[in-house]
Amino acid sequence: MTNNKKLHICEEGQGEKTVILVHGLTGNHKQMAYYQEALGEHYRVISYDLRGRGLSDEASEPTSIDHHVGDLVDLIMRLDLETVTLIGYSIGAYICAKVTALSSRVTSLVLLDGAGVADLGQKELILPSLERLRKTYQSKDDYIRQTKQTYEKLQIKWTNHLEDLAHYETKETNEGVVHRSKVSVMEQDFNSFFDYKHEEILPNIDIPVLLVKATGYLGPHRPLFFNESFTELEKSIRKIDVMITGADHLSLVFEKQKDVLLSVERFLQRATV
């Protein structure tokens with residue numbers, strides 16, 4: 001990378017066209033496994049760990065969406081991609097939308113329940129969920145047990161995919177097992193949702209876009225984004241298709257959403273001709 005930082009990437013597929021997947025706030029590249037597996041049949045699909053996550057280098061603090069935007073632009077250049085499709089989930093959607101506005105190399109864009117206008121109610125959902133990142137656990141099994149309990153309260157079915165993700169996002173230290181991500185980095189990145197300049201970014205997106213809205217409630221609470229959170233997107237992006245799914249924000253990536261995957265595949269077939 002031009003900033004001398006390392007990004008850990010995972011590449012699958014042998015297609016002529018390239019898709020880059022960008023994961024969510026506290027996730028890593030494995031969060032996008034269902035999408036990488038499905039699209040890898042026809043495309044070269046690259047996922048990576050944002051800085052401050054997984055095996056990528058630590059994020060420079062203070063961090064923000066803009067720092068990750070710079071990293072993704074650098075990655076596209078480093079891979080020498082003349083054209084690329086971006087698919088972003090949650091914070092990944094904000095990142096991909098801004099990169100699309102900046103780079104003529106992006107030819108199609110998928111926003112998975114992200115890049116909407118943030119509201120204060122989201123802080124009540126997101127910030128308490130970061131507490132698990134502060135803790136030290138007795139073992140990886142202890143972390144997995146507690147994480148499984150948390151997700152099951154949110155009606156997320158525990159799977160081998162989630163177990164693999166839980167192993168990957170933790171590391172062993174002399175004091176015990178800890179999450180690889182720092183809470184301060186997650187908080188700074190999340191707070192930058194509220195600084196996102198939709199009115200400056202969105203009018204510069206003039207390529208086919210698929211927006212997937214996840215309307216399911218997160219446990220007993222609310223959807224992460226309301227329908228009206230995306231009004232600015234739908235108003236400002238001329239070539240936008242919208243898909244509405246009953247999945248919630250977490251199950252959109254933690255469970256295999258066959259209808260969403262099919263919609264994404266059909267969109268890419270049309271958009272990348």
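Of the contacts in the protein chain with a separation of 6 or more, what percentage do residues 24 or more positions apart account for? And once that is clear, could you take me through the aromatic pair of phenylalanine 225 and phenylalanine 230?

Mentor: Please keep in mind throughout that this is a predicted model. To begin with your question, among the contacts in the protein chain with a separation of 6 or more, 77% are made by residues 24 or more positions apart. The chain that holds these contacts has eleven helices and ten strands, and because its radius of gyration of 17 Å is close to the 19 Å that the globule rule gives for 273 residues, it is as compact as a globular protein of that length. Its C-alpha trace spans about 50 × 40 × 35 Å along the principal axes, and 55% of the 273 residues count as buried. The protein chain exposes about 12,300 Å², of which carbon and sulfur atoms supply 46%.

Now to the part you asked about. A search of the whole structure finds nine aromatic pairs, and one of them is formed by phenylalanine 225 and phenylalanine 230. A pair of aromatic rings is described by the distance of the centres and the angle of the planes. For phenylalanine 225 and phenylalanine 230, the centres are 5.3 Å apart and the planes make an angle of 45°, and the pair is tilted. The reason for that label is that planes under 30 degrees apart count as stacked and those over 60 as edge-to-face, so that an angle of 45° falls among the rest, which count as tilted.

Each of the two residues can also be placed by its accessibility, for which buried means under 20% relative accessible area. Phenylalanine 225 has a relative accessible area of 2% and is therefore buried, and phenylalanine 230, at 1% relative accessibility, counts as buried too.

Key. Residues numbered from 1 in each chain as written. Predicted model: local features only at pLDDT ≥ 70, side-chain atom pairs only at ≥ 80, totals over all residues. Heavy atoms only, no water. Helix = DSSP H or I, 4+ residues; strand = E, 2+ residues; numbered from the N terminus. Rg over C-alpha atoms; globule rule 2.2 N^0.38 Å. Buried < 20%, exposed > 50% of the residue type's maximum accessible area, 1.4 Å probe, protein only. Contact = heavy atoms within 4.5 Å. Areas by Shrake-Rupley, 256 points an atom, 1.4 Å probe, with all protein chains shown as cover. Phe/Tyr/Trp six-rings, centres within 6.5 Å; stacked < 30°, edge-to-face > 60°.
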